[in-house]
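Hi,

Here is the structure I promised to send over.

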Amino acid sequence: MARQTGNGTPAGVAWWKRGIVYQIYPLSFQDSNGDGKGDLNGIRQRLDYLVWLGVDAIWISPIYPSPMADFGYDVSDYRAIAAQFGTLEQFDALVQEAHAHGLRVILDFVPNHASDQHPWFLLSRSERDNPKRDWYIWRDPAPGGGPPNNWISNFGGSAWTLDPATGQYYHHAFLAEQPDLNWHNPQVRAAMLDVLRFWMERGVDGFRIDVLWHLAKDPQLRDNPPNPGYQPGDADIRCLLQVYSCDQPDIHDIVTGLRAVLDEYPDRVMIGEIYLPVERLVAYYGGGRGVHLPFNFQLIEASWNASELDHMVHEYDSLVPQEEWPNWVPGNHDKPRIASRVGEAQARVAAMLLLTLRGTPTMYYGDELGMCDVSIPSERVQDPWEKNEPGLGLGRDPQRTPMQWDTAPNAGFSTGLPWLPLAHDHDTHNVDCLGRDPSSILALYRRLIALRRESATLTSGRYARVAAGTQIMAYTRERADERMLVVLNLGHAPDALALPGLQGEVMLSTRLDREGEKVSDRVELRGDEGVIVRMVR
Ligand code: NOJ
């Protein structure tokens, strides 16, 4: 690979530990053929940007053939590329060119469910005796009629759909168009493991595994208990606690099987999408036989205040087993954008937090521009969840709007009508304009990424919390004889951290004007400011 890691990177540290992952939602990144939807050639055109930004790997959300009921998370062929995204040849060219740019490529693997148009499901539903029947989860109606149990779909309504022709229900944790595969069936496992090999043979560097904790269900399919915390206006799925429908004990056996296949190829990474409390999340490391990185979504879920963030980071750092590697995810295509959650000023503080914590950072495309959620007029809604449960604020279109590149029509994303509307501020908030403004959030991201790449302390040094006030969060990163202090003001008013005996120099501030400033005994911060200080003592 042409581009190497920064000078400070310790030798022998796996790329997915020292690197930064950048999530591309392919429909929205770059359109190359004017159909208003992003595609593989579009991604290829933007590889130079990703190198300029400084990230190490791209994770591309699903690009397989799909009826697009859930925008690619309903796969109808696991071994091909959807025509709207390109061809297998174009995919191979993308991988090759990404590698030549020093970028790794991580694919989204969707093993829990396939499309109801997948040939496996068409056979499965064709007759009760079909050999593929058991590849999915079919059950007779409950004794008095109706679905076999009370499970609810993540997108609302029952998680069971009746197939009138064969008189049985099939289970779907998401849309009826996304029937769940039966991972208790060894043929399903073997077929899906071969899919991983197919893509690794093509040079893919790893996988982000969709809803990994869903793969194993209670063999008795017991009813889920009611959720006492459910409030009217919550998503339907919150009615019940997901006690039996996911995270069952035999999941770890399944994960071990996936990992063993990853280990057949050198230097690959397996990242699991898992929304669980931290104690259960860390079990997915599986003592070195599980996923390399169980996605840690706490930065998405935590309230944005110093004490909660401090407690959360400390607790997580201490729960990740010694020999395993942490990771952090502040945003993705399913959750409101970080800049909308914490505000424009704090989005800069969030960038510093993400890029100075111990653990692999995952960035979501456009967050480096401070992109916000875009309000979507009802006639342009695309997301099936919003369509199923309208008006509750569950829709995910707002965080999936097109990437803002420049001042050309449609922000340089497409020459056609974009599949989702663009943000109103795209004429000023785009890569071209922000890239030329040294005080922009994009410039800040670049400086933080460059510093992290150069610094072994920031990539792999120890983390220790520093007690601070109610508005400030502080911690050190330490390696060999180097120590860095990160001080973040989570509030809008100025504040200070007193640390008697501290001597140091500001390396980077979320504002521009402090680099090289000497600090002693205390660190003064303006509102919404964060600084990284190299400590002398
Ligand atoms: C998680 C994905 O991130 C989300 O976008 C999708 O709708 C569900 N899994 C179902 O595949």
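Helix 6 passes helix 7 in a right-handed crossing. This is a predicted model, by the way. The two helices are residues 186-201 for helix 6 and residues 251-262 for helix 7, and their axes sit 10 Å apart at an angle of about 30 degrees.

Who makes the contact? On the helix 6 side you'll find Arg-189, Leu-193, Leu-196, Arg-197 and Met-200, and from helix 7 come Asp-253, Ile-254, Gly-257, Leu-258, Val-261 and Leu-262.

Now for some backbone angles.

Asp-247 is one of them: its phi is near 50 degrees, and it isn't a glycine. You'll find Asp-247 in the loop between strand 7 (206-209) and helix 7. Is Asp-247 buried or exposed? With a relative accessible area of 15%, Asp-247 is buried, given that the cut-off for buried is under 20%.

Then there's Asn-410, also not a glycine, with a positive phi of about 55 degrees. Asn-410 belongs to the loop between helix 13 (384-388) and helix 14 (431-435). Its relative accessibility is 22%, so Asn-410 counts as partly exposed.

Cheers

Definitions and conventions: Residues numbered from 1 in each chain as written. Predicted model: local features only at pLDDT ≥ 70, side-chain atom pairs only at ≥ 80, totals over all residues. Heavy atoms only, no water. Axes fitted to C-alpha atoms, helices over the stretch in contact; angles between N-to-C directions. Helix = DSSP H or I, 4+ residues; strand = E, 2+ residues; numbered from the N terminus. Left-handed = near helix turned anticlockwise from the far one by under 90°. Contact = heavy atoms within 4.5 Å. Buried < 20%, exposed > 50% of the residue type's maximum accessible area, 1.4 Å probe, protein only.
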